[in-house]
Amino acid sequence: MTKLLTTLIFVLILMARVTVAQDVQIQRVNPTNWWVGMKNPTVQLMVYGPNAGTLAYSLSYPGVKLAKTHTVENPNYAFLDLVISPAAKAGTLKLTGKRGSQTLTQPFELKARDKTPKGSGVTSADFIYLAMPDRFANGDPANDKFADMADPNADRANPFYRHGGDLAGAAKHLDYLKELGVTAIWFTPVLENNQPLTNEGGVMRSAYHGYGFTDHYAIDKRLGGNDAYKTFVKKAHADGLKVVQDAVYNHVGINHWFIKDMPSKDWLHQWPTYTNTSYKYQPITDPHAAEIDRRVTLDGWFVPFLPDLNQSNPYVANFLIQHAIWTVEEFGVDAWRVDTYMYNDMPFMNRCNAALMTEYPKIHIFGESWVNNVVDQAYYTRNKIDFPFKSNQPGGLDFVLYSAMLDGLKQNFSWDDGVNRPYQALAQDAVYADPTKLVTFLDNHDTDRYLSVIGDDFDKYKIGLTWLLTTRGIPSMYYGTEILMKNFKDPSDAEVRRDFPGGFSGDKENKFEAAGRTDKENDAFNFVKRLANYRRVTPALHSGKLTQYLPQNGTYVYFRYDAGKTVMVATNSTEKEISLDTDRFYERMNGFTSAKNVLTDEKLTDLKLLKLPAKTALVLELGK
Ligand SMILES: [Ca+2]
Ligand SMILES: [Ca+2]
């Protein structure tokens with residue numbers, strides 16, 4: 001009898017323990033690791049698992065203190081504030097979580113910081129190439145699709161599905177980019193997008209664009225995962241190329257693991273009924289704006305499957321800021337492009353930018369704020385306007401100059417139109433703290449492709465690229481522009497995101513090689529190559545001053561110059577050859593008696609009258 005009772009008690013105790021063990025678990029800790037020797041000694045761990053928030057946490061590790069444990073609405077989360085002293089050594093600490101007689105332990109690694117360059121920044125000495133990894137090159141067909149993912153499809157015949165491109169594929173073409181004169185690669189986001197197909201405009205589409213994160217600490221395994229990204233960045237750096245990471249703070253994918261079981265209701269911006277952002281930027285800067293308009297712009301959701309994060313929730317803010325720092329430290333990326341910048345909480349953005357710049361003083365941050373005027377564009381970057389809110393963002397994508405350059409190519413010359421447009425855009429640079437930190441472009445993955453916008457006009461194509469590569473700012477080019485890829489977004493943006501020919505096995509043409517390109521494509525490729533490589537070794541085009549002259553009779557002339565060199569760019573936007581009298585430019589041409597045509601090597605010994613053929617932009621390096 002006693003024996004039976006003992007056995008029964010033993011079984012009951014065992015059952016109770018099993019119950020507790022299943023009832024309480026730690027399934028995730030984010031960040032997944034941290035480092036010793038960071039400038040900011042604190043890190044907040046988000047601990048997740050069934051009832052993880054009901055445990056009493058402690059740790060014992062020399063130089064590391066658990067300063068505070070926070071619990072939130074959802075008992076499945078705990079937030080632990082760790083303080084890591086400068087004396088702490090790298091190693092793995094053990095987090096201990098206790099509830100009653102139950103004890104759980106969770107290892108957490110504190111790595112040593114290695115010496116490889118991180119957050120080195122991009123500057124106006126760089127030339128950025130924007131590519132969509134799914135559409136650029138497929139290096140590993142084994143990772144094209146996974147049956148266990150929410151979207152198990154990959155099909156190159158379907159423009160809306162994944163096509164199988166990956167980081168290993170892009171890594172194979174770094175020589176191609178170097179030859180072209182590119183110095184930095186910007187991929188659309190590489191983080192896991194384990195999103196189902198979504199219905200957009202009546203068509204089921206995959207999340208190949210990458211803007212719906214589902215796990216911040218995983219690079220999408222269809223792109224090769226974390227190891228492939230590390231390898232890619234290392235190889236790019238070894239080849240002298242920088243890497244720009246595309247970051248999204250405003251929203252995540254609806255399939256994000258923390259959205260399925262949110263820490264608290266206010267993790268997201270919540271509305272009584274679904275509310276989309278208006279996509280209108282005026283209410284953010286308008287001193288007369290109604291508060292509701294402002295809220296809808298900022299807190300409305302970007303689309304129904306990209307829920308809007310509430311960055312005024314301190315745990316959300318910490319999560320996002322730490323992820324940014326973790327990414328730079330873990331992968332060694334150089335610069336940071338921020339998606340949908342203007343829809344974020346601006347005080348949060350300033351905190352986030354400051355945290356990145358504190359750890360990585362040289363990092364460059366440039367956000368996407370799709371506006372059409374200089375005042376609104378300046379608001380999101382360091383500026384000289386007396387706005388009630390002052391942004392600390394060093395750069396931004398130059399949407400104003402983008403529109404202006406396209407107008408300059410599309411419009412006929414008149415009082416305000418044609419080449420007056422880029423002139424006028426640059427004439428307003430006084431509002432920026434440093435306009436050379438803006439990233440310039442002629443198209444991107446969200447716009448009609450450049451060549452189509454300018455009516456397939458190869459002369460105009462060369463003029464626009466000449467402006468891009470010689471005016472102020474950090475130039476960026478969308479993949480395929482150099483081989484004359486074109487298309488409008490009509491009927492869908494898939495049209496401007498076609499596969500790079502030669503990046504995928506079975507491709508009939510390989511345009512990564514000169515032999516695979518047509519004569520005209522080689523002409524285009526060689527044009528970009530020549531100008532980009534000239535720019536690469538010409539500091540006057542990076543940091544030199546810009547003097548521009550009032551456009552006259554369809555011509556637009558400007559100079560970039562420093563102590564070493566003066567480069568003159570003379571555009572004739574008309575259909576007729578022009579003989580340009582250069583007397584007007586004496587301020588900049590005084591003392592120069594000859595010039596070299598940078599694109600043809602032709603020598604000019606008479607600078608009094610410049611022959612400008614119809615629809616051309618001459619690039620002349622002036623000589624004595
Ligand atoms: Ca692949
Ligand atoms: Ca928002």
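What spacing do the donors of the calcium ion (ligand 2) follow along the chain? They follow N-x47-L-x9-D-x34-Y. Before we go on, note that this is a predicted model, in which local features need pLDDT of at least 70, side-chain atom pairs count only at pLDDT 80 or more, and totals for chains, interfaces and linings use all residues. Residues are numbered from 1 along each chain as its sequence is written, chains are lettered from A and ligands numbered from 1 in the order in which they are written, and side-chain values use heavy atoms, with hydrogens and water left out.

Let us stay with the calcium ion (ligand 2). Its protein donors are N250 (OD1), L298 (O), D308 (OD), D308 (OD) and Y343 (O), at 2.2 to 2.6 Å from the ion. Donors here are N, O and S atoms within 2.8 Å of the metal (3.2 Å for Na, K and Ca); water is not among the atoms, so sites may look incomplete. L298 belongs to helix α8 (residues 291-299) and Y343 to the loop between β16 (335-338) and α10 (346-359), so this pair ties together parts that are 45 residues apart in sequence. Helices (H or I, at least four residues) and strands (E, at least two) are DSSP runs, numbered from the N terminus.

Buried means under 20% relative accessible area, exposed over 50%, and partly exposed in between (1.4 Å probe, protein chains only). In α8, the buried residues are V296, T297, L298 and D299, and what covers them includes α7 (282-285), where contact means heavy atoms within 4.5 Å.

Now turn to a pair of helices. Helix α5 (residues 225-238) packs against helix α9 (residues 314-331) at an angle of about 65 degrees, their axes 9 Å apart; axes are lines fitted to C-alpha atoms, for helices over the stretch in contact, and angles run from 0 to 180 degrees between N-to-C directions. From α5, the contact uses N226, Y229, K230 and V233, and from α9 it uses W326, E330 and F331.

Finally, look at F585, placed in the loop between β24 (578-581) and α17 (586-589). F585 is buried, with a relative accessible area of 1%. Leaving aside residues up to four places away in sequence, F585 touches Y549, V557, F559, M568 and L580. For a sense of distance, the C-alpha atoms of F585 and T183 are separated by 33 Å, and these residues are 402 residues apart along the chain.
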